[in-house]
Amino acid sequence: MSYSLGLVSISFREHSAKEILEAMQKAGLSVIEWGSDIHAPKDDIKKLEEIVKMQKEYGIKCCSYGTYFNLGVDDTKELEGYIKAAKILGTDILRLWCGNKGSAEYSKSETEFLFEECKKAANIAQKHNVRLCLECHNWTYTDTKESALSLIKAVNSKHFLMYWQPNQFRTVEENINYATALSPYTEHLHVFNWKEKQKFPLCDGTDTWKEYLKCFKKDKTLLLEFMPDGKIASLEAESAALKRIVGE
């Protein structure tokens, strides 16, 4: 197994893109997922192009574009703008949200509408040869392995896939079950060590994360998401822990 190690830029919303890239270079990380909300707005072409220049300067590649596009809520036509931005940044992977409530709250008609919107999105992604990846997240339709799997299988497109992250409100066993079920459809992983509303250093979760990684049979990109104390100065320690997890 081979891993690309990186960071989600929203971990440091209060810091500039340059400050983040400097910290990443110092910590020995090679890839970044830029967030569309603060650091890389889709309509600010000048800012996107400046980021591309800085990526080259610091030797860091964009592995994904973290959007806040919400399937079933936002108009799928808006995806074109996000895809354009992603390509400027140098990636063909976009992170999306799927719905704005848990899967159990969806009625039959709402589920049918959501699935149709997802199929439309997948067709747009195919047209532009990019991959749309859904957040594995609470309070969205993909909050359980059953709902996520049913959606991915219904859409049935290599351009419509998943992210994975542990659910801080579930047991390690439950998270392993989800990871195993979605493994064939998972592109990137968001990495952190949380228990309910508390954040802990990643070094305290080394053994657990080694178990999580066993669920994935292909090379993966692992992206640190948020620091246990919220400070950019902690990136080096979190990166060191991530490297120990993957055996570097």
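Q: What makes Phe160 count as touching other residues in this predicted model, and which does Phe160 touch?
A: Contact means heavy atoms within 4.5 Å. Leaving out residues up to four places away in sequence, Phe160 touches Leu71, Cys118, Ala122, Leu132, Leu134, Leu151, Ile152 and Val155.

Q: Which residues touch the most other members of the largest nonpolar core?
A: Phe160 and Leu235 do, in a core of 72 residues. Helix H4 (residues 108–128) gives the most to this core, with 7 residues.

Q: What makes the second core a separate nonpolar core, and which residues does it include?
A: A nonpolar core is a set of buried residues of listed types, joined through side-chain atoms within 4.5 Å. The second core has 5 residues, among them Val8, Ile10, Cys63 and Leu223.

Q: Why is E2 called largely enclosed?
A: Buried means under 20% relative accessible area. In E2, 5 of the 5 residues are buried, so the rest of the structure largely encloses E2. Both faces are covered. Val31, Glu33 and Gly35 lie on one side, Ile32 and Trp34 on the other.

Q: How do you know that E2 pairs with E1 and with E3?
A: Pairing needs at least two bridges. E1 and E2 share 3 bridges and run parallel. E2 and E3 share 5 and also run parallel.

Q: How is E3 joined to E4?
A: There are 4 bridges between E3 (residues 61–71) and E4 (residues 93–98), against a cut-off of at least two. These strands run parallel. Gly66 stands opposite Arg95 in E4.

Q: Which strands make up the closed barrel?
A: The 8 strands run E1-E2-E3-E4-E5-E6-E7-E10, with parallel pairing. Neighbouring strands are turned by 30° against each other on average, direction ignored.

Q: What makes the E1, H1 and E2 unit right-handed?
A: With the strands pointing away from the viewer, a right-handed path over the helix runs clockwise. E1, H1 and E2 make a right-handed β-α-β unit. The crossover from E2 through H2 to E3 is right-handed too.

Q: Why are the buried residues of H1 placed on the same side?
A: The buried residues are Ala17, Ile20, Leu21, Ala23, Met24 and Ala27. They cover an arc of only 165° around the axis, which puts them on the same side of H1. Their cover includes E1, E2, helix H2 (45–58) and helix H8 (235–246).

Q: Where does H1 lie?
A: H1 (residues 17–27) lies across strands E1 and E2, at about 160° to E2. Just after H1, Gly28 takes a positive phi of about 80°.

Methods: Residues are numbered from 1 along each chain as its sequence is written. This is a predicted model: local features need pLDDT of at least 70, side-chain atom pairs count only at pLDDT 80 or more; totals for chains, interfaces and linings use all residues. Side-chain values use heavy atoms; hydrogens and water are left out. Axes are lines fitted to C-alpha atoms, for helices over the stretch in contact, and angles run from 0 to 180 degrees between N-to-C directions. Buried means under 20% relative accessible area, exposed over 50%, partly exposed in between (1.4 Å probe, protein chains only). The arc is that of the directions from the helix axis to the C-beta atoms.
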